Amino acid sequence: MKNYADKQEFILSQITNKYFQRRDFSGCDLRGIDLKGIDLSGVNFIGADLRDANLCGCILTRANLSGANLMQANLREANLYEASLCEANLINADLTRANLCGTFLWRAKFTGSNLWGASLCDVDLREADLSEAKLIEASLIEANLVRANLTGAKLCGAKLLEANLTEANLTGADLTWANLTKANLNKANLWETNLIYAKLWDTIMPDGTIEQPQILISH
């Protein structure tokens, strides 16, 4: 390739060519590439560099992005159903209203990312770093957040019904109006967590007790 731009144009032509059968772009340098709205379902992006890439509205169902660098990538309204993003870097990425249901996100980094209104039902977020992430009105029903770092995360109005937050760090997190019905907070760190107006029906608290009535907690 003559230069970086030529390389990106060549890779883009391969990705968008419906007759091109090679679906493996693992380890490729795709920084800043524009793939807006393209069907990328099942594509292999393991370890790829997708920093600042435009993946807005992309279909990435069952794609493999494990270990990929998606720092500051645009994934607004992208469909990542059952995709694998284990240990991926999504720091400061925009995932507003993205569909991440059933996605594998073990140890993924979401520091400062925007997940406003995102669907994260039944996701594997074990040991993920969601510190300072915006999860306002996000749906995390039955999500696995065991030992996840949610320090300073914004979870106002989030749906966390039956979510597993065992040993999660929620220090300084904002859970105003969040629904934690039947959620498991056993051994979770709730230091300075804002739970004003949060729904805590049958919620397992850090000390193992179960909340029966809906209560208001303020600091």
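Author: Buried means under 20% relative accessible area. Keep that cut-off in mind. The model here is predicted.

Reader: What percentage of the 219 residues of the protein count as buried?

Author: Apply the cut-off. Here 47% of the 219 residues count as buried.

Reader: How many residues has the largest nonpolar core, and which have the most contacts inside it?

Author: A nonpolar core joins buried residues such as Leu and Phe through side-chain atoms. The largest one in this protein has 71 residues. Phe45 and Leu120 have the most contacts inside it.

Reader: What about contacts between residues at least 24 apart in sequence?

Author: Start with contacts between residues at least 6 apart. Of those, 2% join residues at least 24 apart.

Reader: How many helices and strands has the protein, and in what pattern?

Author: Helices and strands are read from DSSP runs. The protein has one helix and two strands. Along the sequence, the pattern is α-β-β.

Reader: Why does the radius of gyration agree with a compact globule?

Author: Compare it with the value for the chain length. A compact globule of 219 residues would have a radius near 17 Å, and this protein has 18 Å, so the two agree. The C-alpha trace covers about 65 × 25 × 20 Å along its principal axes.

How values were computed:
Residues are numbered from 1 along each chain as its sequence is written. This is a predicted model: local features need pLDDT of at least 70, side-chain atom pairs count only at pLDDT 80 or more; totals for chains, interfaces and linings use all residues. Side-chain values use heavy atoms; hydrogens and water are left out. A nonpolar core is a set of buried Ala, Val, Leu, Ile, Met, Phe, Trp, Tyr and Cys residues joined through side-chain atoms within 4.5 Å. Buried means under 20% relative accessible area, exposed over 50%, partly exposed in between (1.4 Å probe, protein chains only). Helices (H or I, at least four residues) and strands (E, at least two) are DSSP runs, numbered from the N terminus. The radius of gyration is taken over C-alpha atoms; the globule rule is 2.2 Å times the number of residues to the power 0.38. Contact means heavy atoms within 4.5 Å.
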